[in-house]
Amino acid sequence: MNRYAAIIMMSVSIMCSCGGAAISEVDGGDTLTCESSLLTLVDMDGYVLADVASPWGNGDRRLLARYVLVGRDYDGDLPEGTIVRVPIESSVVYSGVYGGVIDELGAIDAVSGVADGHYFSTGTIVERIASGRIVDVGNSASVSIERILDLEPDAILLSPYQNEDLGAVGKSGIPVVQCVDYMERTPLGRAEWVKFIGRLYGCGAEADSLYENVRREYESLRCKVAVLDSAPTVLTEQPMPGGTWDVPAGDSYMARLLMDAGANYPWSGSPGAGSLKLDVAAVLDRAQHADYWLIRSYGPLSAKGLKASNPMSEQFDAYHKRGIYVCDTTESPLFDEFPFHPERLLREYIMIFHPGMIGGEESLRYYKRI
């Protein structure tokens, strides 16, 4: 704990001075990002500058956070921002999305703690949590700050929500890396955040190579369906217990992924990069005749179970055409994989929407027809 006492005030000052400021062009250096709308990486002389834009602005690009990634031995002048000494040797990761790609980059030894450990599906991380090599610091909404401080992490990686108070974690003096990749507008824009992860963990070259392979495969698949004349209509998800039906907004990367797979998405013209909260009647009005219905379910789901939880299910054409595909996220690695491997989910969607074009249903990785 003494390690952080001297820098707490400095960190708080930096966060206050950066939050909400307009993003300005960086003089000099080489810009490393091109697809992302929320992340700008600039390779400067001796350090990397990472600007994270707020996804909740009113059309203007405002700065959510600025990070200065600098080697442990660097002692030159640095710009204002949250200093992160790299490569990170110990970290706490709040999401399996980042845990999975850190493992893929070969930096799993630098993950010493996770939040919500029961949601992680990457085999290496699951094994390390079970053996105690990785500590579960508790629920992400109310982590144990004592457990985190005991780990003495170099950084904490999390995905913030709008106007979220980081509480004790934000005041601990530990650099908090806020990843808003989930609010990107394109799948490749989100996948490009791997370059940021790679430079945090000293795997920049590996991250660049991974991204380039993903980009190449994604574009190849997208071009295959771009010439098709048919575009089946696709509905996603199901009502929440309270009755609200969340579907991807038209400017979200999930909507873009569906359209890149050659689908007609009923809400493609709606604004926003997050989710639309609709009632069942509104969804039925626009998507009753959808050819396919994709559902992510926490646990197995049958057609009978779907009808029991949502009696209006039978009114959708996909229910009667056997066009419903379910991803059981308790077994599937979907959440831990597709953010940095959108090409895998794109391939899956194409196999579902355009049968026989690039493979049969037996090759599906995430979804199963019910």
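**Figure 1. R72 is a partly exposed residue that forms a salt bridge with E89.** The relative accessible area of R72 is 33%, while E89 is exposed at 53% (buried means under 20% relative accessible area, exposed over 50%, and partly exposed in between, with a 1.4 Å probe and protein chains only). The model is predicted: local features need pLDDT of at least 70 and side-chain atom pairs pLDDT 80 or more, whereas totals for chains, interfaces and linings use all residues. Residues are numbered from 1 along each chain as its sequence is written, and side-chain values use heavy atoms, without hydrogens and water. In the R72–E89 pair, the closest N and O atoms are 3.5 Å apart (a salt bridge is a side-chain nitrogen of Lys or Arg within 4 Å of a carboxyl oxygen of Asp or Glu). This pair links distant parts of the chain, 17 residues apart: R72 is in the loop between β4 and β5 (82-86), and E89 is in the loop between β5 and β6 (91-93). D154 joins R72 and E89 in a network of salt bridges. A search of the whole structure gives 20 salt bridges.

**Figure 2. D51 and R66 form a salt bridge between two buried residues.** The N to O distance between the two side chains is 2.6 Å. D51 belongs to strand β3 and R66 to strand β4 (residues 63-71), so the pair ties together parts that are 15 residues apart in sequence (strands, E, of at least two residues and helices, H or I, of at least four are DSSP runs, numbered from the N terminus). Both D51 and R66 are buried, whereas R72 is partly exposed and E89 exposed.

**Figure 3. Strands β1, β2 and β3 are joined by antiparallel pairings.** Strand β1 (residues 30-31) pairs with strand β2 (residues 39-43) over two bridges (two strands pair if DSSP finds at least two bridges between them). D30 has D43 in β2 as its bridge partner. Strand β2 is joined in turn to strand β3 (residues 47-53) by five bridges, and V42 stands opposite L49 in β3. The hairpin of β2 and β3 has three residues between the strands, and G46 takes a positive phi near 105 degrees there. D51, the salt-bridge partner of R66, also lies in strand β3.

**Figure 4. Four strands form an open sheet with mixed pairing.** The strand order is β11-β14-β15-β16. Strands β11 (234-236) and β16 (368-369) stand at the edges and have a single partner strand each, so one side of each is left without a neighbour in the sheet. Strand β15 (residues 324-328) runs antiparallel to β16, and two bridges join them. Y325 has R369 in β16 as its bridge partner. The side chain of R369 also meets that of E361 in a salt bridge (2.8 Å, N to O).

**Figure 5. The structure holds one cavity of 30 Å³ or more.** On a 1 Å grid over the protein atoms alone, a cavity is a set of points where a 1.4 Å probe fits but cannot get out, and lining residues have an atom within 4 Å of a point. Points are joined across faces, edges and corners, and the volume is the space filled by probe spheres set on them. The largest cavity has a volume of about 50 Å³. T236, E237, P248, M254, L258, L294, R296, Y349 and Y367 line this cavity. Two elements give two or more residues to the lining, namely α10 (253-260) and β14 (292-297). Strand β14 is also a member of the open sheet.

**Figure 6. G106 lies in a loop, and R128 lies in a helix.** G106 is in the loop between α3 (96-104) and β7 (111-114) and is exposed, at 66% relative accessibility. The C-alpha atoms of G106 and C203 are 8.0 Å apart in space, although the two residues are 97 residues apart in sequence. R128 belongs to helix α4 (residues 123-131) and counts as buried, at 13% relative accessibility.

Technical notes
1 Å grid on protein atoms, 1.4 Å probe; cavity = no way out; pocket = protein on both sides within 12 Å on 5 of 7 lines; lining within 4 Å.
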